[in-house]
Amino acid sequence: MVHVRVCFSRLIAAPALLIALAIAAATMVAGCDIGYLTRGAYEEGRLLWHRKPITEVLTRADLAAKTRANLETVLAVRKFAADRLGLNVGGAYRTVTQVDSGAIVWIVMAAPRTSLTPYTWWFPIVGAVPYRGYFSRERAEAEAADLEAHGFDTHVRSAIAFSSLGFFDDPLLSNLLRLDRVELAGVIIHELFHRTYFLASNVMFDESAATWVGGRGAVDFFTETEGANSADAIAARGVYESDLKFAAFLLQEEARLLRLYQSGLPQAEILKRREPIFASINRDYATLKPSLSGLERFDLDREKLNNAVLLNYLLYFHDLDNFATLDRMQHGDLRATIARIIKLARGDPDNPFYAIWQATLNAPGAAASSESASTELPPVPPRSPSSSNAAPPPKPH
């Protein structure tokens, strides 16, 4: 399966397209859409077939300065990720594929209207996934309309980058060359973490861990290659700190909705009461937004909110503070922190967030941080939305 990501500023998002390897397995699995899998395999093959070595592209005399700088950055980040972070780089991102449009796929997400439990689709290899990708906006919107008709909140968005989770040597897609160097470095390290470790059927952990590793890795990359006081290193630190701040914001807003959804009130009353909460989230984010760096394209202040829209963000920014605490326990050794994250997740694959939280309990300052937290928030790490509420009902077909 191809793991596709979207970019809201510098990164976020993700769906599931399918590689050729998945098709043989899928033909033996009841309920799989073989036509959908075949299209995914075709599109993946097309991207791989049109790869060109970055070193070859760099020999072009007419190459735009920004394009050249970004391609050189990708090669440098690959080496840094392999040598300094211990990530499984392999042959990924040493080639580039020209793509014609900003989006290579359209993603559908859904959730019940009184729950933050995502609707999931099942695919070979990666298991349950809270989104489905389409190669045309029309098909994505048709799927969303069908889900809406069955009582779900939905969200449709675009994705522009992908990782095949190590099955192939992924090319850099040319549309990523529009990003600035700090954004680009974070995206590449994020995707290389997916290539190094992927926990099936737990996209929230996979994406949140990769978000943290990508942001933190960009800080180390520019600090080491350009100096701690360089403009890029300062910008990378700003993005990383904003990630943590945004994650804390989402945790608080999520808690407000969970209290309502778990209140036992009639559904009609819950739907009535959630609207003022959504409006408050818009206002709260408008206040927070000026203090964030690198997240300028997030639109929580203007978006028409529903549970699917919020889950789109929650999947990528869950419990980032615990990853940061774990990093402090490793004395800022990111390579050691990444290894520790993977070890803890493997040790408790059913609840990796809890395993990481538990590992940070004895960290210096952990008790004070816990005491200063809002008493309305749970004393243990917030559950993954995929496991906190009852599973959503299946969509009839």
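Analyst: The discussion goes from the overall fold to a sheet, then to ring pairs and salt bridges. This is a predicted model, in which local features need pLDDT of at least 70 and side-chain atom pairs count only at pLDDT 80 or more, while totals for chains, interfaces and linings use all residues. Residues are numbered from 1 along each chain as its sequence is written, and side-chain values use heavy atoms, with hydrogens and water left out.

User: How many helices and strands does the protein have?

Analyst: Helices (H or I, at least four residues) and strands (E, at least two) are DSSP runs, numbered from the N terminus. The protein has 15 helices and eleven strands.

User: What percentage of the residues count as buried?

Analyst: Buried means under 20% relative accessible area, exposed over 50%, and partly exposed in between, with a 1.4 Å probe and protein chains only. Here 56% of the 397 residues count as buried. As to contacts (heavy atoms within 4.5 Å), 73% of those with a separation of 6 or more involve residues 24 or more positions apart.

User: How many aromatic pairs does a search of the whole structure find?

Analyst: Rings of Phe, Tyr and Trp (its six-membered ring) pair if their centres lie within 6.5 Å; planes under 30 degrees apart count as stacked, over 60 as edge-to-face and the rest as tilted. The search finds 18 aromatic pairs. In one of them, the rings of Phe 246 and Tyr 313 have centres 5.9 Å apart and planes at 80°, so the pair is edge-to-face. Phe 246 lies in helix H8 (residues 231-261) and Tyr 313 in helix H10 (residues 307-314), so this pair ties together parts that are 67 residues apart in sequence. Phe 246 is buried at 0% relative accessibility, and Tyr 313 is buried at 2%. Tyr 313 also forms an edge-to-face pair with Phe 298, at 5.2 Å centre to centre and 75° between the planes. Ring pairs link Phe 246, Phe 249, Tyr 285, Phe 298, Tyr 313 and Phe 317 into a cluster.

User: Which residue forms a salt bridge with Glu 226?

Analyst: Side chains of opposite charge can pair when their charged atoms come close. A salt bridge is a side-chain nitrogen of Lys or Arg within 4 Å of a carboxyl oxygen of Asp or Glu; by this rule the count comes to 19. Glu 226 is bridged to Arg 181, with the closest N and O atoms 2.7 Å apart. This pair links distant parts of the chain, Glu 226 in helix H7 (residues 203-226) and Arg 181 in helix H6 (residues 181-196), 45 residues apart. Both ends are partly exposed, Glu 226 with a relative accessible area of 34% and Arg 181 with 25%.

User: Which residues are linked in a network of salt bridges?

Analyst: The network links Arg 113, Glu 148, Asp 153, Arg 274, Glu 275 and Lys 304.
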